[in-house]
Amino acid sequence: MEEDLSQSAKLPDTCNMEPQASEAESDLENNSLHQPLLKRNRTLSSTPLAMVGAKVSHIESLDYEINENDLFRHDWRSRTKVQVLQYIFLKWTLAFLVGLLTGLIATLINLAAENIAGYKILAVINYIEEERYLTGFIYFTGVNFILTTVAAILCVCFAPTAAGPGIPEIKAYLNGVDTPNMFGATTLVVKIIGSIGAVSAGLDLGKEGPLVHIGSCIASLLGQGGPDNYRIKWHLLRYFNNDRDRRDIITCGASSGVCAAFRAPVGGVLFALEEVATWWRSALLWRTFFSTAVVVVVLRAFMEYCKSGNCGLFGQGGLIMFDVSDVTVRYHVMDLIPVTVIGVIGGVLGSLYNHLLHKVLRLYNLINEKGKIYKLLLSLTVSLFTSACLYGIPFLASCTPCDSSLPESACPTTGRAGNFKQFNCPDGYYNDLSTLLLTTNDDAVRNIFSTNTPTEFRIFSLVIFFALYCMLGLFTFGIAVPSGLFLPVILMGSAYGRMLGVAMGSYTNIDQGLYAVLGAASLMAGSMRMTVSLCVIFLELTNNLLLLPITMIVLLISKTVGDCFNPSIYEIILELKGLPFLDANPEPWMRNITVGELADAKSPVVTLNGIEKVGHIVDVLKNTTHNGFPVVDEGMAPSVGLADGATELHGIILRAHLVLALKKKWFLQERRRTEEWEVQEKFTWVDLAERKGRIEEVVVTKDEMEMYVDLHPLTNRTPYTVVESMSVAKALVLFRQVGLRHMLIVPQYQAAGVSNLAYHIHFFSTTKYYINEGLYPVFYF
């Protein structure tokens, strides 16, 4: 998804509704059935109505709404209690398997990355101790180069969607947009191997975002029975052959990924609720919590096993990654001043980081458009630059004598881990920059979070570390390797938090390590704009509940300050990738416009009759890109209170179901309604759950074009409808909260002599149009 998938278009001028010669060209979605679809850049008007449709995306949306047609109703009535229990049991079984597999794969990634990076660092330290500095540099750079090459080649050549964190795409999927090739088996394998290579190579990225994507891939593959070409045809899996249940299981996968990354089960559930999920309910809450509980049990079991030394260099930590529970947190009213300052700094720097990263990603898009070789060269260049900085910059720091109160085994240290690395210093001295740079990212966070070490790091070293990781964080994210944003942001934030703690000195009661924790939290809130989930994640990371009050203050201030400047980093990435996203908050101008006025800005929607000619269906499917069509029956027998020739809105039918009817040759020689047994002989509800098939694959003869199709049994009889006087803001909230794909607008008045109802029916969709300014999507009509 490196390229922008959106095209610009312009709505007809709402002030002049007279027919124009260019109207068919400027209206991409509702052009004449015989007019070829055009894609041209247009000059946008500044009026609210003209902003609708400012960007056109051709990514198909998902059917989260229950399609209550005749086949669905028959299947629901015929289900026995045993089948219902099977469906419920399978949901919980899949939730368990998602947690189990995510925990196992997370352990594998940690095990491989810690051992590869650990033995690499040990070899470099041995060269430095022997004063073979050039050999150590060549070895360090060469190993990192090879690891980055493996990760980049896999992403560039086999699974481009595996590059990056994957969280924006998951967020778009759960919002209702089907991101192509995002949850396949190839993407999963490349994401796992690429994450190991990229993290082991010492790049300024984390495995947290990729783990969220990995959990979602596992959930998607389990829900559909495996990869597309090798699906398991188990009859129980037919229950999950729909977008609605697949959305729920992918939500479990996303929360399990966060739990596996941070060992934070509650934080994982809250992350899915606050950041990625658009639609939520209590039953889903229980299943996601169950999945994260399984992940925690798996991780804990493996860590207990690895503590005995059976896993090489892995397993020296615990379930809590950055434990600061040994510090007694005491603070007074005056300590709220530096805490507030940290929050403000986090909001400002977070928004500045988002702004600069946006510019860098746009530049990378231009480079990536030139071809695969340029993507690969960009990744390798960043790897060489990173290796040179991590190896060479510690030589700039002077050696610091060890504190006499520390035991000789603690200072200096010569192994892979430790707070006081000797590096090139004589006995009794340590290099504080090598403690932060010549180590893994996880160990760097542990070192900078370390408590009861007020003299360990000097301001000069912290400034260099902060500046370097700001630069590396901007240049590394966006290259063609799996990468996460969490750990780089934590490292940057903890650096300036620790600097403030050093500057405060004896004027504060808060430990410097806790200042580092608050700094990391503030920058994450300032960049990602999360609060509740981030607060719980940090509490589970640090194992110190006493940090809760000041952590909440820092997060609220940082998010508030950051929101004053730009959107969150994930919204920026969504824009760059051209992924439509329906935001929860309507824009102010939407309250001043009704859906009827909005619909009148477009030409009448294409409708189908309940019994339609095959030729007309083929013509409609080939010349429009709509994914749903209102089905109306004209000239109905009058009911009480209706005029002769009334029009009945029967419902809405999906494009996929029309294509299926054409493929199965469900044609009638005469215009008539079909019987229930005829429909059940030809279709099953499993057939209607499939989304495959294109009109270009359908072959219809000339004689068949004159036949008829009864659309009534395939039509969703209960579509969501709104009256034309409803405000756009209210309709948007309903559209998003219910998780709709289509919404019908019906007239406020309908009486004898009024124009046909079909010309007043319009429908909305998340698929096509969203606002260019601010990424607030509205509706397709």
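Which helix holds isoleucine 88? Isoleucine 88 lies in helix H4. Helices here are DSSP runs (H or I, at least four residues), numbered from the N terminus.

This is a predicted model: local features need pLDDT of at least 70, side-chain atom pairs count only at pLDDT 80 or more, and totals for chains, interfaces and linings use all residues. Residues are numbered from 1 along each chain as its sequence is written, and side-chain values use heavy atoms, without hydrogens and water.

**Surface patch.** Ile88 belongs to a nonpolar surface patch with Val84, Leu85, Trp92, Leu285 and Trp286. Together they have about 570 Å² of accessible area (Shrake-Rupley method, 1.4 Å probe, only the protein chains shown counting as cover). Patch residues have over 30% relative accessible area and no salt bridge, and nonpolar side chains (Val, Leu, Ile, Met, Phe, Trp, Tyr) are joined within 5 Å. H4 gives the most, with four residues.

The helices that each supply at least two patch residues are these:

| Helix | Residues |
|---|---|
| H4 | 81-129 |
| H11 | 282-310 |

**Helix packing.** H5 (residues 133-157) packs on H13 (residues 372-392) at about 150 degrees, with axes 9 Å apart. Axes are lines fitted to C-alpha atoms over the stretch in contact, and angles run from 0 to 180 degrees between N-to-C directions. H5 and H13 are therefore roughly antiparallel (angles over 145 degrees).

**Salt bridges.** The structure holds 20 salt bridges (a side-chain nitrogen of Lys or Arg within 4 Å of a carboxyl oxygen of Asp or Glu). In one of them, aspartate 432 pairs with arginine 458, the closest N and O atoms being 3.6 Å apart.

How values were computed
Angles under 35 degrees count as roughly parallel, over 145 as roughly antiparallel, 65 to 115 as roughly perpendicular and the rest as oblique. Patches are made of residues with over 30% relative accessible area and no salt bridge: like charges are joined within 9 Å, nonpolar side chains (Val, Leu, Ile, Met, Phe, Trp, Tyr) within 5 Å.
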